[in-house]
Amino acid sequence: MNKHEDIIRKIQERLSTLSKSERKVAEAILADPKTTIHSSIAKLAARAEVSEPTVNRFCRSLIGSGFPDFKVSLAQSLATGTPYVNLNVEPDDAPGAVTAKIFEAAKSNLTRAQELLPESLISRAVDVLAQARRIEFYGLGASGPVAKDAHHKFFRLNMPVVAYTDILVQRMAAAGTHPGDAVVLISYTGRTLPLIETARVAREAGASVIGITNPGSPLTEHCSIVLPIEETEDTDIYTPMSSRIVYLTLIDALATGVLLKRGPEFNAHLKKLKQSVQDTRLPKVEK
């Protein structure tokens, strides 16, 4: 990463390591990056309630040079569409402000995930899923509903699909897989011990193991294919919110990819499924 790349994300990642005064500078910049681009060092210092040398020290620690170069980096970051959001919901935030922050966080995470997901990996995963004899989705905790959503999407594709959210059932199911089966493990942190062990069991049984998880996490060591989604939320305290949207979107992309692999003749099957539930709905009312 050069000094003009993704400066906002760099600030966000370093927030917890900054001194109290430098954190004030960081928070003032994140609160209004566009104003910062047009501010003097004196104005930014006043807005952050710190001294001008503190602002310069912050800039040098971040990019190795002073405030003028920092503004160039910040402008470049915004101009290239770097996703930005102040993710910190404050206790006194109004409902409208909370809503705006959560929506912006979701958009930011989607953009970031799309940038980091190589097309080649998506293609490999789609090929494995399309050719699988059977697909099993595993998720625990907040990842459980994502696994169930995957089952809901994939069962329409006329292939054996299940979703398991129980630790013991996952372990037994993994042991019962065979070559030609695909196991998809969904884990936000990639550090959940039972899921890591389940991945190992499935891999040893001969299944293709796809991990949708944090890159470089322990879970990835037991996966045939890793679709990397970076951790952006503190799940030690909070349940993943905006990141869950990323996982659901990726599942949609995989299901659609497999559907397209089936070819246009598969549309008749989908049409039959749609028609089977038509009489469960009230007709649309013309306005």
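These legends describe close-up views of aromatic pairs and salt bridges in a predicted model. Local features need pLDDT of at least 70 and side-chain atom pairs pLDDT 80 or more, while totals for chains, interfaces and linings use all residues. Residues are numbered from 1 along each chain as its sequence is written, and side-chain values use heavy atoms, with hydrogens and water left out.

**View A. Phe58 and Phe70 form an edge-to-face aromatic pair.** Rings of Phe, Tyr and Trp (its six-membered ring) pair if their centres lie within 6.5 Å; planes under 30 degrees apart are stacked, over 60 edge-to-face, the rest tilted. The count comes to five aromatic pairs. In this one, the centres are 6.0 Å apart and the planes lie at 70°. Phe58 belongs to helix H5 (residues 52-63) and Phe70 to helix H6 (residues 67-79), so the pair ties together parts 12 residues apart in sequence. Helices (H or I, at least four residues) and strands (E, at least two) are DSSP runs, numbered from the N terminus. Phe58 is buried at 1% relative accessibility; Phe70 is buried at 0%. Buried means under 20% relative accessible area, exposed over 50%, partly exposed in between (1.4 Å probe, protein chains only). Ring pairs link Phe58, Phe67 and Phe70 into a cluster.

**View B. Tyr138 and Tyr164 form a tilted aromatic pair.** Their centres are 6.0 Å apart, with 40° between the planes. Tyr138 sits in strand S1 (residues 134-139) and Tyr164 in strand S2 (residues 161-164), 26 residues apart. Tyr138 is buried, at 0%. Tyr164 is partly exposed, at 21%.

**View C. Lys261 and Asp127 meet in a salt bridge.** A salt bridge is a side-chain nitrogen of Lys or Arg within 4 Å of a carboxyl oxygen of Asp or Glu. The count comes to 10 salt bridges. Here the N to O distance is 2.7 Å. The pair links helix H12 (residues 242-262), which holds Lys261, to helix H8, which holds Asp127, 134 residues apart. Lys261 is exposed at 52%, whereas Asp127 is partly exposed at 28%. Gln131 also lies in helix H8 (residues 119-131). Gln131 and Lys261 are 9.5 Å apart, C-alpha to C-alpha, and 130 residues apart in sequence.

**View D. Arg171 forms a salt bridge with Glu197.** The closest N and O atoms are 3.4 Å apart. Arg171 is in helix H10 (residues 167-175) and Glu197 in helix H11 (residues 193-205), so the pair ties together parts 26 residues apart in sequence. Salt bridges that share partners join Arg171, Glu197, Arg200 and Glu204 into one network.
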